[in-house]
Amino acid sequence: MLATGVLAASIVLQLTAAGLALRLVRVTGWWLAWVFVSAALVLMSLRRCIALYRVLVEDRSLSPDLSAEIVALCISVLMVAGVALIGPLFARAKKNERDLHHSEERLRQATELAGLGYWVWDVVADKCSHCSEENARIHGVSVDEYLARSSSFEEDVAFTHPDDRDEYRRINQEALAMGTGFDMEYRLLTPAGETRHVHELGKPVFDDAGSVIQFYGTVQDITERRRAEEEIQKLNFVLERRVEARTSELHATQDALVRNERLAALGQLTGAVAHELRNPLGAIATSFDVIQNKCEAAKLGLDRALGRAKRNIERCDDLISELLDFTRTKILQPEPTVVDAWLSDLLDEQQIPDHITLNADLDAEGAAVVFDREQVRRAVINLVDNACQAMVIDGDGDNTGNGSGNGKQLTVATRRTNGRIEIEVADTGPGIPEDDLTKVLEPLFNTKSGGTGLGLAIVQRIMDRHSGGLEITSEKHRGTRVRLWLPAGHGLEEATPR
Amino acid sequence: MSPSKLLIVDDDRDFADGLAEVMEMLGHLVDVAFTGRAGVEAATGNDYDAVVMDVGLPDLSGVDGLLEILEIKPETRCFLMSGYSAAHVEERAGGLGALEILTKPFDPEALSQRISAAAHRDR
């Protein structure tokens, strides 16, 4: 009876094991394997069932062998235990797999967020064993393509920009040899031909013997950052240039301010001195008149001396007048004037020395400009006088011209160009030395005897007050050309001169 | 005692003539020149006891002119005239001991005495 019971128990246990095996299908997801196991267990129990059926139904006297049945029972117990214990193992494995999957997903998301590509290089096999999506994207290929193109180090080097390849190889080889990590920036050249700046970090993995078996690392696309840095540098450069320019502008303005102040102070001083000189000069002039009178009456033969005195008293007077003129600022009285006609009249009135030829080239096409006639007249006359004087004083004192054989030419020309009206006075005298060219406009600069050196400074002042200007060009032995210009802004129409 | 011969060189004709007439009145024999070149030619071609030259002539600086004269006629007394201050002229003349400096306006009588006294001494 006992043997029968044991037999029955075995059958139950085997069926239980089969059931548990089937459950494992759900845990592991492998249905075929566990179905086989389960089927095997079911068939085994089926055999036992048949034996039990024979005993119970067919022949009660046939009782199974007790010891055999006990052994069979033990086997069944072990089967159930085995299947039962395997379950959690698989479940844990599955959970680990899931956790790993989540972990990888998180890593992928994190690196994608940071724009970091992740790679693993198998040193032993000399190929890339893992490549993240981002890493592939940075290299301009898909993951599969990347792995295909990285089946050896040299192949991998092909991704690097040709100019950076030597350095890339060097750093990698050094890291491998020394067993250290690396941190480098270099350029990639994607298969599409795009150049990208990348920042790559790498770290070695050692085996138990201490040799390097793997490198793993990250790659980050820093092209944008580099571009921004270059932009900043460029902007910096531009900014510096602007600051420089502005600073020199400031200096120039400061210089002009100082110069103007000096001129103003000079003006005041000059005015005061000139004024003071008028009285004594007056006394000399009047006394001299008496002396001259009596000497001439007495026929003392002092004509030369008297003449010199008279001339030079007048010279002093002129100088004082010019100085006072320079210091005083008359209010401008501008009138619309047809330049050519006005200038033509002016030249007719001027007394040009006989040995000088006057060329008038008035080409302002009837343009009219608004200006103070008296002031500009003085400016033009000043230039004409300078020109005439230049063509008297020659280096060697003779009047044969400046060596070019053209004789003494005084050219007065007008032109309308670039929004301005120009009046030019040119001579064929000895010219102004280059060193003096910058100084001639300074007040009191004088290279000829008998002058205040104020002439050109006065002319400049007149042109400034008309918002115009003055330009001097000169060539040694060829002559000097002075150009006055007025803005043609207002009054370019034909106006009837008063 | 023969009167001393004097050469005045200045591009301001009135000034030169005026000075010449006064010096003649004081008993000297005076010649004038109105350009640096003419002055140097006259001085090197003749024997003057003294040459009085303006520092700023249009064709030649007074310093250069006088130095040229001294090379050929070293016994000539050279006076450099200028309207600027003595210090300014000395700066330009570079401390040349051979040149004596006169600042305009100067007293012709004083100049006359300086010239006569030296001439008298030399003879």
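Predicted model: local features only at pLDDT ≥ 70, side-chain atom pairs only at ≥ 80, totals over all residues.
**Entry 1: ground rules.** I number residues from 1 along each chain as its sequence is written, and I letter chains from A and number ligands from 1 in the order in which they are written.

**Entry 2: chain A as a whole.** I looked up the secondary structure of chain A and found 13 helices and twelve strands, where helices (H or I, at least four residues) and strands (E, at least two) are DSSP runs numbered from the N terminus. Of its 498 residues, 33% count as buried, with buried meaning under 20% relative accessible area, exposed over 50%, and partly exposed in between (1.4 Å probe, protein chains only). Chain A exposes about 30200 Å², and carbon and sulfur atoms supply 56% of that area; accessible areas come from the Shrake-Rupley method with a 1.4 Å probe, and for residues only the protein chains shown count as cover. Among the contacts in chain A with a separation of 6 or more, 63% are between residues 24 or more positions apart, a contact being heavy atoms within 4.5 Å.

**Entry 3: chain B as a whole.** I then turned to chain B, which has five helices and five strands, and from the N terminus on I read its elements as β-α-β-α-β-α-β-α-β-α. Of the 123 residues of chain B, 43% count as buried, and its accessible surface comes to about 6100 Å², of which 51% belongs to carbon and sulfur atoms. For contacts in chain B with a separation of 6 or more, residues 24 or more positions apart account for 63%.

**Entry 4: where the chains meet.** I listed the residues in the contact and found eight from chain B and nine from chain A. The two chains bury about 780 Å² between them, 38% of it on carbon and sulfur atoms, buried area being the accessible area (1.4 Å probe) that two parts lose on being put together, summed over both. On the side of chain B, Asp12(B), Asp14(B) and Glu21(B) lose the most area to chain A, together 57% of what that side buries.

I next asked myself how many salt bridges there are between chain B and chain A. The count is four, a salt bridge being a side-chain nitrogen of Lys or Arg within 4 Å of a carboxyl oxygen of Asp or Glu. Asp12(B) pairs in this way with Arg315(A), and their closest N and O atoms are 2.8 Å apart. By class, the side of chain B that touches chain A has one nonpolar, one polar and six charged residues; here Ala, Val, Leu, Ile, Met, Phe, Trp, Tyr, Cys and Pro count as nonpolar, Asp, Glu, Lys and Arg as charged, and the others, Gly among them, as polar.

**Entry 5: salt bridges within the chains.** Over all chains, I find that the structure holds 41 salt bridges. Arg226(A) and Glu185(A) form one of them, with the closest N and O atoms 2.7 Å apart. This pair links distant parts of the chain, with Arg226(A) in helix H8 (residues 223–297) and Glu185(A) in strand E3 (residues 182–189) of chain A, 41 residues apart. Arg226(A) counts as partly exposed at 24% relative accessibility, and Glu185(A) counts as partly exposed at 37%.

Glu244(A) and Arg241(A) also meet in a salt bridge (2.8 Å, N to O); because they are three residues apart in helix H8 of chain A, about one helical turn separates them.

Glu100(B) lies in strand E5 (residues 99–103) and Arg77(B) in strand E4 (residues 77–82) of chain B, 23 residues apart.

**Entry 6: Asn359(A).** Last, I looked up Asn359(A), which is found in strand E7 (residues 356–363) of chain A and counts as partly exposed at 29% relative accessibility. Leaving out residues up to four places away in sequence, Asn359(A) touches Gln409(A), Leu410(A), Thr411(A) and Val412(A). Val412(A) is 53 residues from Asn359(A) in sequence, yet the two are 6.2 Å apart in space, C-alpha to C-alpha. The side chain of Asn359(A) makes a polar contact with that of Gln409(A) (2.8 Å), and a polar contact of 3.4 Å joins the side chains of Asn359(A) and Thr411(A). A polar contact is a pair of N or O atoms within 3.5 Å; within protein, one must be able to donate a hydrogen and the other to accept it, and residues adjacent in sequence count only if both atoms are side-chain atoms.

Definitions and conventions. Heavy atoms only, no water.
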